Amino acid sequence: MDRQRVLCLVLAGGAGTRLGPLTADRAKSAVPFGGLYRVVDFALTNLVNSRLRRIYVLTQYKSHSLNRHITTTWRLSNLLENYVTPVPAQQRLGPRWQTGSADAIYQSLNLIHADRPDIVVVVGADHVYRMDLSQMIDAHVAWGAGATVAAIPVARKEATQFGVVQTAPDGHLIELFLEKPSDPAGRPGRPDRALVSMGNYVFDTDVLVEALHKDAADEGSRHSMGGDIIPALARERTAYVYDFLQNKVPGAEPRDAGYWREMGTVDSYFDAHMDLCAIHPMFNLYNREWPILTHVPPDPPAKFVNDDGDRLGRAIDSVVSNGVIVSGGLVRNSVLSPGARVNSWSRVNRAVILHNALVSCHAVVENAILDKNVVVEEGATVGVDKEHDRARGLVVSSGGITVVGKGQVVPR
């Protein structure tokens with residue numbers, strides 16, 4: 001990889017409609033995750049820790065908070081030609097917005113032409129995982145591939161939501177790539193599993209540029225990387241697949257090796273948070289050899305107060321951020337972001353509490369997500385009675401998770 005000039009593009013323009021109401025006021029990749037982080041931090045961390053530090057982040061949908069986060073958090077040394085730069089949709093090719101992930105890159109080809117890289121790495125911005133992308137680049141070069149797709153095996157019933165890869169007998173060359181098939185093909189020897197795309201790609205620059213021009217000229221195309229570009233390159237027999245399970249991340253433990261979650265729905269977002277709360281979490285935030293990087297606000301340490309009978313401030317099997325105050329309430333199996341407050345005699349169980357949300361005295365919050373600055377008033381409940389939640393206008397996911405949108409007040 002050291003002999004290659006590599007440019008990285010992060011696709012962060014998605015609206016994330018299935019994550020509503022968390023995306024009502026922000027891009028999907030700007031949604032907070034894991035207490036301190038935003039979803040985009042995981043993609044950027046993987047690139048930077050992989051020593052790939054020339055990065056453009058392509059944004060579009062409600063990108064203000066995302067652009068602000070990137071410009072204030074991800075400041076690298078320009079002296080060493082390192083940068084993370086947000087690039088909003090510019091309409092450089094006419095008065096129209098980006099119509100797909102491939103079109104987002106096509107409308108930003110000026111960045112590639114100006115940089116003249118040997119290799120372009122393209123990653124999505126809405127997944128939680130660790131990955132050393134330099135290993136994928138090395139495999140791409142060794143195979144002589146024009147394009148390489150990172151993929152992971154999942155249960156066949158889950159594969160309908162992803163691009164599915166079928167390989168030649170060598171296990172590397174992609175023979176067929178189908179975007180969200182209704183009946184995914186199983187893997188050889190494992191018919192219950194399918195190999196799906198993670199949305200991470202490595203391209204030889206000339207292959208990518210030529211494919212984008214062909215796609216732009218195709219009026220029937222959806223201009224999607226997974227739906228159009230990769231299937232076309234597979235037909236040309238220049239696309240290969242990289243097995244994510246072969247990736248070795250420094251400091252990774254067996255239980256979190258191969259961990260990858262897409263933040264596509266409320267339920268997947270919630271479940272990924274619950275993965276953090278176990279004594280031995282499925283995804284280990286405490287790997288000091290591959291730290292997840294972000295801006296940490298200058299809040300004071302978390303505080304637990306009151307020890308008077310049943311008025312006891314405590315948190316069990318939970319992730320609690322700086323600036324949190326648990327004042328006489330009980331928190332279990334939950335993730336609390338900076339500035340959250342849980343008051344006396346309240347109960348929080350299996351919940352994601354975002355920045356500066358307040359759970360008042362005697363309130364109960366369970367199987368729920370509270371967005372920033374939510375106030376749950378004294379004696380109110382969230383997530384306890386799903387029909388009552390719906391009647392109040394709250395969103396309840398198909399998995400039974402109640403979501404309270406930013407700044408809402410939940411009365412008793």
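Colleague: In which loop is K180 found?

Modeller: K180 is found in the loop between β10 (174–179) and β11. Helices (H or I, at least four residues) and strands (E, at least two) are DSSP runs, numbered from the N terminus. This is a predicted model, in which local features need pLDDT of at least 70 and side-chain atom pairs count only at pLDDT 80 or more, while totals for chains, interfaces and linings use all residues. Residues are numbered from 1 along each chain as its sequence is written, and side-chain values use heavy atoms, with hydrogens and water left out.

Colleague: What is the phi of K180?

Modeller: The general idea comes before the case. Most residues other than glycine have a negative phi, and most peptide bonds are trans. K180 is not a glycine, yet it has a positive phi of about 50 degrees. N306, also not a glycine, has a positive phi of about 80 degrees and lies in the loop between β14 and β15 (307–308). Just after α1, R51 takes a positive phi of about 65 degrees.

Colleague: Which peptide bond is cis?

Modeller: The bond from G20 to P21 is cis, with omega near 5 degrees. P21 has its place in the loop between β1 and β2 (32–33).

Colleague: Why does K180 count as partly exposed?

Modeller: The classes rest on relative accessible area: buried means under 20%, exposed over 50%, and partly exposed in between, with a 1.4 Å probe and protein chains only. K180 has 49% relative accessibility and therefore counts as partly exposed. N306, at 29%, also counts as partly exposed. Of the 412 residues of the protein chain, 55% count as buried.

Colleague: How many residues of α1 are buried?

Modeller: An α-helix has 3.6 residues a turn, so residues three or four places apart point the same way. In this model α1 is mostly covered, with ten of its ten residues buried. Among them are F42, L44, N46 and L47.

Colleague: What does N46 touch?

Modeller: Contact means heavy atoms within 4.5 Å. Leaving aside residues up to four places away in sequence, N46 touches Y129, R130, M131, L133 and W290. N46 lies in helix α1 (residues 40–49), and its relative accessibility is 0%, so it counts as buried. A polar atom of the N46 side chain lies 3.0 Å from the backbone nitrogen of M131.

Colleague: Which residues touch the most other members of the largest nonpolar core?

Modeller: A nonpolar core is a set of buried Ala, Val, Leu, Ile, Met, Phe, Trp, Tyr and Cys residues joined through side-chain atoms within 4.5 Å. The largest has 41 residues, and L47, I55, V121 and M131 touch the most other members. The elements that give two or more residues to this core include β1 (6–12), β4 (54–59) and α5 (133–143). With five residues, α1 gives the most to this core. A second, separate core of 37 residues includes V87, A104, V149 and V165. As for I55, its contacts beyond four places in sequence include C8, V10, L44 and L47.

Colleague: What is the order of strands in the open sheet of six strands?

Modeller: Strands of a sheet pair through backbone hydrogen bonds, either parallel or antiparallel. Two strands are counted as paired if DSSP finds at least two bridges between them. Here the order is β14-β19-β22-β24-β26-β30, with parallel pairing. β14 (303–305) and β30 (409–410) stand at the edges, each with a single partner strand, so one side of each is left without a neighbour in the sheet. Within the sheet, β19 (residues 325–327) and β22 (residues 341–342) pair in the parallel sense over two bridges. I325 stands opposite R341 in β22.

Colleague: How does the radius of gyration of the protein chain agree with that of a compact globule?

Modeller: The radius of gyration is taken over C-alpha atoms, and the globule rule is 2.2 Å times the number of residues to the power 0.38. For 412 residues a compact globule would have a value near 22 Å, and the protein chain has 22 Å, which agrees. The C-alpha trace spans about 70 × 50 × 45 Å along its principal axes. The protein chain has nine helices and 30 strands.

Technical notes. A polar contact is a pair of N or O atoms within 3.5 Å; within protein, one must be able to donate a hydrogen and the other to accept it, and residues adjacent in sequence count only if both atoms are side-chain atoms.
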